[in-house]
Amino acid sequence: MKRLVFLTGAGMSAESGISTFRDSGGLWEQYPVQQVASIEGYMADPELVINFYNERRRQLLEVKPCEGHRLVASMEKDYDVTVITQNVDNLHEKAGSTKVIHLHGELMKATSTNNPNDPRCIITLPEDNLDIKMGQKAADGSQLRPFIVWFGESVPMIEPAIAEIMKADIVVVIGTSLNVYPAAGLLGYVSSGCKIYLIDPADVRYDHSLGITHIKKGASEGMRELIAEHIPVAHE
Ligand code: OAD
């Protein structure tokens, strides 16, 4: 089976009703990114940041995967698929994708303030008790915090992501402005024979020497076009 890697960003979930970050009306227009998505912001006002992600988590329960997520999952019938996502939602999993690498953490999980990457401290929040509360402790006794990779923190999942990108026969980038590193640097690791597609309704800045085929459509329509015209599938 050919190896197919998807690299997805906020635009992947836009049609599910989750705001992107940098489009007009995006999340970083409404909330200062330094305040709610940096380790300094968290240390300065943990309650505000915890509540910001509590709100995002409640919204996540109200949305569903879009057709694009479902088409990505359906590719597993014909390809060896890995999804590398910058998204903290769980919509790829809900659509049926079985191998998902979350570069920037997961909204449904919580961890320790002192040891955020210690697997013994990472828990999945139950759907009937979604909020992280001030004073709630992780396994190591420190304040429980969202399992989100904030600006200023390391990105431990970048190593497995690089390993997958290097082995890929086809890479499909969907809905990311490719502004945030190290995720945006992943395309630098593709092998020479690898074919790269980009699905995004807007112009995205990327290295033109990579020979990327840009399908200038939204995630769902773009996935339909990708399957119809570019990468064949045997299944219906
Ligand atoms: P951005 O908001 O920077 O980019 C969203 C991309 O999605 C843009 O290129 C849009 O043109 C595109 N887009 C919009 N609607 C779309 C649709 N219906 N279908 C497909 N594409 C669409 O989001 P990211 O690149 O994901 O990190 O941002 C990367 C990281 O920055 C995020 O993971 C987050 C943020 O700060 C953290 O919070 C750590």
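Which strands does helix α8 (residues 219–230) lie across? Notes on that and the rest of the fold follow.

1. **What we are looking at.** This is a predicted model, in which local features need pLDDT of at least 70 and side-chain atom pairs count only at pLDDT 80 or more, while totals for chains, interfaces and linings use all residues. Residues are numbered from 1 along each chain as its sequence is written, and side-chain values use heavy atoms, with hydrogens and water left out.

2. **Overall make-up.** The protein has eight helices and nine strands; these are DSSP runs numbered from the N terminus, with helices being H or I over at least four residues and strands being E over at least two. Its radius of gyration is 18 Å, close to the 18 Å from the globule rule for 236 residues, so the protein is as compact as a globular protein of that length. That radius is taken over C-alpha atoms, and the rule is 2.2 Å times the number of residues to the power 0.38. Along the principal axes, the C-alpha atoms fill a box of roughly 55 × 35 × 35 Å.

3. Of the 236 residues, 53% are buried, where buried means under 20% relative accessible area, exposed means over 50%, and partly exposed is in between (1.4 Å probe, protein chains only). The protein exposes about 11,200 Å², and carbon and sulfur atoms supply 51% of that; the areas come from the Shrake-Rupley method with a 1.4 Å probe, and for residues only the protein chains shown count as cover. Looking at contacts (heavy atoms within 4.5 Å), 64% of those between residues at least 6 apart in sequence join residues at least 24 apart.

4. **The parallel sheet.** Six strands make an open sheet in the order β3-β2-β1-β7-β8-β9, with parallel pairing. The edges are β3 (100–102) and β9 (213–215), each with a single partner strand, so one side of each has no neighbour in the sheet. Neighbouring strands are turned by 20° against each other on average, direction ignored. Two strands count as paired if DSSP finds at least two bridges between them.

5. **Helices on that sheet.** Back to the opening question: α8 lies across β1, β7, β8 and β9, and runs at about 145° to β8. Helix α7 (residues 158–167) packs on the sheet too, touching β1 (3–8), β2 (80–85), β3 and β7 (170–174), with its direction at about 135° to that of β2. Axes here are lines fitted to C-alpha atoms, for helices over the stretch in contact, and angles run from 0 to 180 degrees between N-to-C directions.

6. Five of the five residues in β7 are buried. In a regular strand the side chains alternate between the two faces of the sheet. In β7, Ile170, Val172 and Ile174 sit on one side and Val171 and Val173 on the other, and both faces are covered. Five bridges join β7 to β1, with Leu7 partnered by Val173. Another five bridges link β7 to β8, and there Ile170 stands opposite Lys195.

7. Leu198 touches Val173, Val204, Tyr206, Ile212, Thr213, His214 and Ile215, leaving aside residues up to four places away in sequence.

8. Three strands form a second open sheet, β5-β4-β6, with antiparallel pairing. Its edge strands are β5 (123–124) and β6, each pairing on one side only. Four bridges join β4 to β6, and Gly105 stands opposite Ile148 in β6. Helix α4 packs on this sheet, touching β4 and β6, at about 140° to the direction of β4. The buried residues of α4 include Val49, Phe52, Tyr53 and Leu60.

9. **Two spots to check by eye.** Most residues other than glycine have a negative phi, and most peptide bonds are trans. Leu178 has a positive phi of about 50° although it is not a glycine, and the peptide bond from Tyr181 to Pro182 is cis, with omega near 10°. At 13% relative accessibility, Leu178 counts as buried.
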